[in-house]
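Hi,

Here is the structure I said I would pass on. Have a look at it first, and my notes on the aromatic rings follow below.

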Amino acid sequence: MRFVERIASWAGFEKRSEDPSWAALAPGLGYYAGLSARAAENLSTVLACTNAISTALAYVPALVYRRDTAGNRTEVPDHAIARITREGANPQMSWPDFTEHLVSSTLLTGNGLAVILRGDRGELTGFRYVPWGMVTVAELSSGRLAYDVADGRGKTQRYLEGEVLHLRDRTNDGKIGLSRLSRAAETVSGVQAANTHAAAFLQNGASPSGVIEVPNTLGPEARGNLRKAFQDRYSGASKAGNTLILDGGMKWSAAQISPEDAELLETRKFGVIELCRLFQVPPPIVQAYENNTFTNAAQAGLWFATFCLAPWARKIEAEFARSVLPAGGPYELELDLSGFLRGDPETRWAAHKIAIETNVLDPDEVRQIEGWNPRPESKKPEARSEAPSVQPPQIINYVPPQRRKRTHTRVTEHDEKGRIAAFVQEEIADEEGQL
């Protein structure tokens with residue numbers, strides 16, 4: 001039989017791997033405790049963490065750059081991927097929707113798959129998201145992976161590596177991702193058990209159960225009638241608080257401690273922290289403010305972007321470089337996480353100020369980052385500085401001039417012929433201070 005298989009492989013025929021672990025990965029999803037990935041979203045913390053990560057990555061700008069031989073990068077807004085981010089991954093799904101579905105599937109099942117759509121000439125035209133439950137993975141004799149995708153109508157299409165975008169969580173074999181729900185099955189089971197216990201507690205009337213003491217012995221029929229009548233009348237959350245009426249000498253005795261004493265509420269709060277640890281999401285991001293302060297709340301967004309979103313963004317960028325972009329080509333995809341600074345105007349504008357003062361950016365580049373058009377030439381500071389400036393009048397302290405004196409000749413006597421016979425000279429102060 002092995003000889004026949006060897007000949008078939010030489011002829012180009014494919015053979016599925018007989019490793020039973022492959023069959024266990026699809027479509028039987030979920031962790032080994034028996035709760036599927038879809039049912040895991042019934043846990044509010046799992047749903048909140050998944051939504052926080054996937055929607056955040058779908059929100060950030062996805063930019064395509066071209067790197068030259070000197071290592072400098074230039075944005076390429078007319079690249080096919082850049083066009084897809086603006087116009088949508090396919091006619092039914094926008095880019096944020098596609099990213100959110102792909103990341104959510106990876107978080108819950110360990111794997112996210114999308115078929116790469118190309119035109120007649122091989123050009124990239126879009127992506128089609130595929131739920132992981134519709135995928136069966138096969139390992140070819142060459143070691144490559146093949147993905148058999150069911151369409152839900154009884155037909156299956158096979159895709160090879162390079163024809164699909166396969167985003168995966170950490171793997172055990174380097175091929176198929178394993179979800180965090182699977183790796184921490186006992187933790188998730190404990191949180192689910194606490195939720196189930198709380199739901200049963202509320203369903204049973206949200207009050208401690210107890211025993212009814214009767215003075216005489218009851219027969220099986222009487223005991224069953226009493227139990228049924230008591231449950232019909234007083235059991236259930238909608239019947240909580242009904243007045244209990246006992247006759248025939250019967251007495252009610254509570255037989256269970258309160259949920260506060262049993263620390264049920266504290267157990268459920270701790271379950272929120274446990275699940276946040278699995279996804280590396282700060283509790284304030286999922287509205288868990290029990291131990292929250294202003295300081296750690298301000299740092300929660302930065303922690304979230306640095307230690308949770310950045311690794312996932314790098315995974316997405318690397319998978320696009322491996323499966324979508326040409327190998328060794330100059331193009332690369334970047335998810336710009338700096339968009340999270342838009343929620344903090346003080347930090348954002350302080351960074352812009354430093355960038356302008358150090359000539360890293362000019363004002364028009366800052367305006368572009370903020371989503372504004374470049375400033376018209378007539379309104380730029382350089383244009384205003386060329387206009388003639390009007391100097392303000394200078395204020396000079398006025399010092400009045402000192403009075404000066406001059407000599408004045410005054411005629412006092414004339415002779416008979418009208419000639420000056422006598423005169424006197426006297427000093428007269430000049431009122432104007434000038435000669």
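**Aromatic rings and their neighbours**

Phe-127 is buried, with a relative accessible area of 0%. Bear in mind that this is a predicted model.

Going by ring centres within 6.5 Å, I get five aromatic pairs. Take Trp-95 and Phe-98: their ring centres are 5.8 Å apart and the planes sit at 45°, so that pair is tilted, since a tilted pair falls between the 30 degrees for stacked and the 60 for edge-to-face. Both residues belong to helix α6 (residues 95-109), three residues apart, which is about one turn of the helix. Trp-95 is buried at 6% relative accessible area, and Phe-98 is buried too, at 1% relative accessibility.

Phe-98 also pairs with Phe-127: the centres are 5.4 Å apart and the planes are at 15°, so this one counts as stacked. Phe-98 is in helix α6 while Phe-127 is in strand β4 (residues 124-130), so the contact ties together parts that are 29 residues apart in sequence.

Put together, ring pairs join Trp-95, Phe-98, Phe-127 and Phe-320 into a cluster.

Which charged residues sit over rings? Arg-73 is one of them, lying over the face of Tyr-65 at 4.0 Å from the ring centre. Lys-315 is another: its charged end is over the ring of Trp-312, 5.8 Å from the centre.

Cheers

Technical notes: Residues are numbered from 1 along each chain as its sequence is written. This is a predicted model: local features need pLDDT of at least 70, side-chain atom pairs count only at pLDDT 80 or more; totals for chains, interfaces and linings use all residues. Side-chain values use heavy atoms; hydrogens and water are left out. Rings of Phe, Tyr and Trp (its six-membered ring) pair if their centres lie within 6.5 Å; planes under 30 degrees apart count as stacked, over 60 as edge-to-face and the rest as tilted. Helices (H or I, at least four residues) and strands (E, at least two) are DSSP runs, numbered from the N terminus. Buried means under 20% relative accessible area, exposed over 50%, partly exposed in between (1.4 Å probe, protein chains only). A charge sits over a ring if NZ of Lys or CZ of Arg is within 6 Å of the ring centre and within 35 degrees of the ring normal.
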